[in-house]
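Here's a quick briefing to read with the structure open beside you. Take it one topic at a time and look up each residue as you go.

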Amino acid sequence: MRNLIRNIKFNIKKSLVEMKPIILTYHSIHSGNLPFPIWTQLDYLYFEQHLQFLSSNFSCISLESLQKQIQDGNFEPYSVVVTFDDGYHNNFFNAYPLLLKYKIPATIFVTAGLVDTDEYTWSDKIAAILSLLDNVTVKLKDVDVKVESVQDRAVAYRMIVNRFKALHPNEITASIKSMMNYFGIGEENLKTPLLKSCFGHLDWDEILIMRDSGLIEIGSHGMSHSILARLSDKEAKTEILQSKNTIETKLAHFGPVKFFAYPNGGENDFTRAHRNLLIESNYQGVLTTRINRVDQGSDCFELPRVCIGDECSVNYLRYLMCQ
């Protein structure tokens, strides 16, 4: 009865709200016990509930279809686009079968330099390190962070990642190495089955299978998941061009890479120069993490999205879709 009432309320509100298109952003779809809550890690069961809800109430379209609607200035009512950032291995094993089941197209933005490797993004490496720590204190420049519980790990993760986002990738690498040395953690310690299932990346064979289905588009998320605004102009150009060339070489018979998603993608994470370079590199569209719906005034090279976090139940998704 409670669900019936929720659905009635949702349908009433849906009919009253101007439902402009919305782009949803997912990351990792996990099916095991997490070492601690991490906002990019959504439970498999939650994800299926999301897809059931979306397929029943909205028109789930491809990113390319949405781009065409923007260019034509004519939106299909209740349009939703599903995207994934980073290119996690579990996108293939957990998300892809469900996307096939519900016939929902999606774009996966892969970190090209991490495909077919056993490396993690730098933020996931911090999460992996923290999962191995217990009853210790992590010393940052301005604060000491105690790690004595699951909740402590979650707090420490957010604090460290937020501070590191302001750094150049070389500084991040050096800081992580220093942390690992201090706590006596080796690279091999970070490659447990659980951590690999959460933080590992796709390989090219998996990407080819998904791309060959016709349901999955592959976009670029850079080479190393570096925030472009923290890089030199030359480094940013390499992230943009090399990632495109790498993906196009591996997926040669599928044609050009059309879309790029900024790593992190917030207001201070890219510049006008990056936008211009992406246009010159023949991308057709670029996605940010600015929170908004798409409308007729949207710029295809600065598209907004709504990020889905680890605590997003289907009831919260229902709420988001009518805002």
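**A serine and its neighbours**

Leaving aside residues up to four places away in sequence, Ser123 touches Tyr157 and Val161. Keep in mind that this is a predicted model.

- Ser123 is found in helix H5, which covers residues 122-131.
- Is Ser123 buried or exposed? Ser123 has 13% relative accessibility, so it counts as buried; the cut-off for buried is under 20%.

**The nonpolar cores**

- As a bit of background, nonpolar side chains in soluble globular proteins tend to be buried together.
- How many residues are in the largest nonpolar core? There are 71, and the ones with the most contacts inside this core are Leu24, Tyr26, Phe47, Leu54 and Phe84.
- Helix H4 (residues 90-102) supplies the largest share of this core, with 6 residues.
- Let's zoom in on Leu54: not counting residues up to four places away in sequence, Leu54 touches Leu24, Tyr26, Cys60, Val80, Val82, Leu317 and Met321.

**A residue in helix H2**

- Phe53 has its place in helix H2, which runs over residues 44-57.
- With a relative accessible area of 6%, Phe53 is buried.
- How many residues apart in sequence are Phe53 and Asn315? They're 262 residues apart, yet their C-alpha atoms are 9.5 Å apart in space.

**Helices H10 and H11 side by side**

- Two packed helices are described by the angle between their axes and the distance between the axes.
- For H10 (residues 233-250) and H11 (residues 272-280), the axes come within 10 Å and cross at roughly 35 degrees.
- The crossing of H10 past H11 is right-handed.
- Which residues make the contact? On H10 they're Ala236, Lys237 and Ile240, and on H11 they're His274, Leu277 and Leu278.
- Sort the residues of this contact by type and you get 4 nonpolar, 1 polar and 1 charged.

**The two sides of H11**

- His274, Arg275, Leu277 and Leu278 are the buried residues to look for in H11.
- Why do they end up on the same side of H11? They cover an arc of only 165 degrees around the axis, and that's what puts them there.
- What do the buried residues of H11 pack against? Their partners are H10, strand S10 (259-261) and strand S11 (285-287).

**Two asparagines with positive phi**

- Most residues other than glycine have a negative phi.
- Asn282 comes after H11, in the loop between H11 and S11. Its phi is positive, near 70 degrees.
- The relative accessible area of Asn282 is 59%, so Asn282 is exposed.
- Asn135 has a positive phi too, near 55 degrees. You'll find Asn135 in the loop between H5 and strand S7 (136-139).
- Is Asn135 buried or exposed? Asn135 is exposed, because its relative accessible area is 57% and the cut-off for exposed is over 50%.

Definitions and conventions
Residues are numbered from 1 along each chain as its sequence is written. This is a predicted model: local features need pLDDT of at least 70, side-chain atom pairs count only at pLDDT 80 or more; totals for chains, interfaces and linings use all residues. Side-chain values use heavy atoms; hydrogens and water are left out. Axes are lines fitted to C-alpha atoms, for helices over the stretch in contact, and angles run from 0 to 180 degrees between N-to-C directions. Helices (H or I, at least four residues) and strands (E, at least two) are DSSP runs, numbered from the N terminus. A crossing is left-handed if the near helix is turned anticlockwise from the far one by less than a right angle, and right-handed if clockwise. Contact means heavy atoms within 4.5 Å. Ala, Val, Leu, Ile, Met, Phe, Trp, Tyr, Cys and Pro count as nonpolar, Asp, Glu, Lys and Arg as charged, and the others, Gly among them, as polar. Buried means under 20% relative accessible area, exposed over 50%, partly exposed in between (1.4 Å probe, protein chains only). The arc is that of the directions from the helix axis to the C-beta atoms. A nonpolar core is a set of buried Ala, Val, Leu, Ile, Met, Phe, Trp, Tyr and Cys residues joined through side-chain atoms within 4.5 Å.
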